[in-house]
Amino acid sequence: MATAKIPLSRNNIFAHINKLVEEHNALNVALPSSDIVCPDELINLVQKYMKEGVNNVAPLNGVAPLRRQITQSINSEYGANYDEESEITISTGTIQSIATAINTFIKEGDEVIVFEPSIESFIPPIEGNGGRARFIGLKAPHFQIEWEEVKKMISTKTRMIILNSPQNPTGRVMSDDDIKSLIKLTNGTNIIIVGNESFEKIVFDTEKHHSFAQYEQLKSRTLIVSDFGPVFRINGWGISYVLGPEKLIKEYVKAQSYNGQSTNTPAQLALAEYLSSYKDNGDLSEMYQGKRNYFLRLIKDSAFEFVPCKGTYYQILDYSKISNEPDVDFVERLIKDYGVATIPVSVFQHEKNRKSHLIRICFAKPNDILDQLADKLNSVTATVETI
């Protein structure tokens, strides 16, 4: 009998939750996406290029106008000097992009440092290439990185460190001190940094996004992965990009050529044209910060505890004062008894670290939906007993 190379993933919790949502007609704030519509102009541009017949395969590394717009924007904003021809490639989604980076550089015996909670999708390609994931837990409630713990974890086998800021699912934003600690620990090593910066435009309060592109000491070892999904509310388009030094991008593109032939051509061209006149004036962060504040005000008297997220459109809620149930059981009961679907944080952790009583909600919703959500969560306080 054949043995599955990749065992059944806990990330199938999304399919399980979606089924329960349908059965119980629950309000779904579990899905990792925004309900805020994307700009009409962007939709019109995609239609324009489709009607013009630009529907064939794009160059492997993406259409030139989009590479140019991205590198010009990054170079201007962060004082970098990425080359549009040799230091960027367009890719199909952040998960596939990071998996490709792992496939490119990880071999038998290599170790990869992964901070938890994090997207579990990275683990199969690490193990499939003969590598080993080394897990470091972010310290709740603020989900800080303990850099002394990272220092102890690094060895001659460490080949890659995967980081995400602003971070899904916690909403944590790395500080300048975090980056400096990373520089100190990786200086003089052959460690490759993979930095997921997909939520870079959604940062709140006094926080500031510190891109790896800003730090010359990291450029020679860092692949930056980002996409336009959170910015323009087009997560389903699956258009991402990877920035890095030529020596890393050259190797990355080799592996990319075996993972996929082309990323959506008309959408690439539409994004390139849209970006040519797009001005980031901070409205996106302001809008989502307003939604975060609105939602948290509504549940401030609930039995849930929380520390306001600093970025993304996800908020972690702690139900420790409500129940001692495992988070998967608690999430299922929220759906069945209260008609609201969330995500248990344990699906973002490996087995030995699944001890938290935390759930994640997505607040990228219209205010009337947030009103309904708050009413449901507030009602949990008086009816759920601690087990």
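These entries go from the whole chain down to a single side chain.

Overall build. I noted at the start that the model is predicted. I counted the secondary structure as 14 helices and twelve strands, and I found that the C-alpha atoms fill a box of roughly 60 × 55 × 50 Å along the principal axes. I then compared the radius of gyration, 21 Å, with the value near 21 Å for a compact globule of 387 residues, and the two agree. Of the 387 residues, 54% count as buried, while the accessible surface comes to about 17,400 Å², with 49% of that belonging to carbon and sulfur atoms. Among contacts between residues at least 6 apart in sequence, I noted that 75% join residues at least 24 apart.

Cavity. I searched the whole structure and found one cavity of 30 Å³ or more; the largest cavity holds about 160 Å³ of space. Its lining is made of 15 residues, and Phe115, Ile162, Leu163, Asn164 and Gln167 lie nearest the centre. Strand E3 (111-116) and strand E5 (158-164) are the elements that give two or more residues to this lining, with E5 giving the most, three residues. By class, I recorded ten nonpolar, four polar and one charged residues in the lining.

Glu127. Is Glu127 buried or exposed? I placed Glu127 in helix H5, residues 123-128, and its relative accessible area is 52%, so Glu127 counts as exposed, the cut-off being over 50%. I also noted that Glu127 and Gly109, 18 residues apart in sequence, are 9.7 Å apart from C-alpha to C-alpha.

Technical notes
Residues numbered from 1 in each chain as written. Predicted model: local features only at pLDDT ≥ 70, side-chain atom pairs only at ≥ 80, totals over all residues. Heavy atoms only, no water. 1 Å grid on protein atoms, 1.4 Å probe; cavity = no way out; pocket = protein on both sides within 12 Å on 5 of 7 lines; lining within 4 Å. Points joined across faces, edges and corners; volume = space filled by probe spheres on them. Helix = DSSP H or I, 4+ residues; strand = E, 2+ residues; numbered from the N terminus. Nonpolar A, V, L, I, M, F, W, Y, C, P; charged D, E, K, R; others polar. Buried < 20%, exposed > 50% of the residue type's maximum accessible area, 1.4 Å probe, protein only. Rg over C-alpha atoms; globule rule 2.2 N^0.38 Å. Contact = heavy atoms within 4.5 Å. Areas by Shrake-Rupley, 256 points an atom, 1.4 Å probe, with all protein chains shown as cover.
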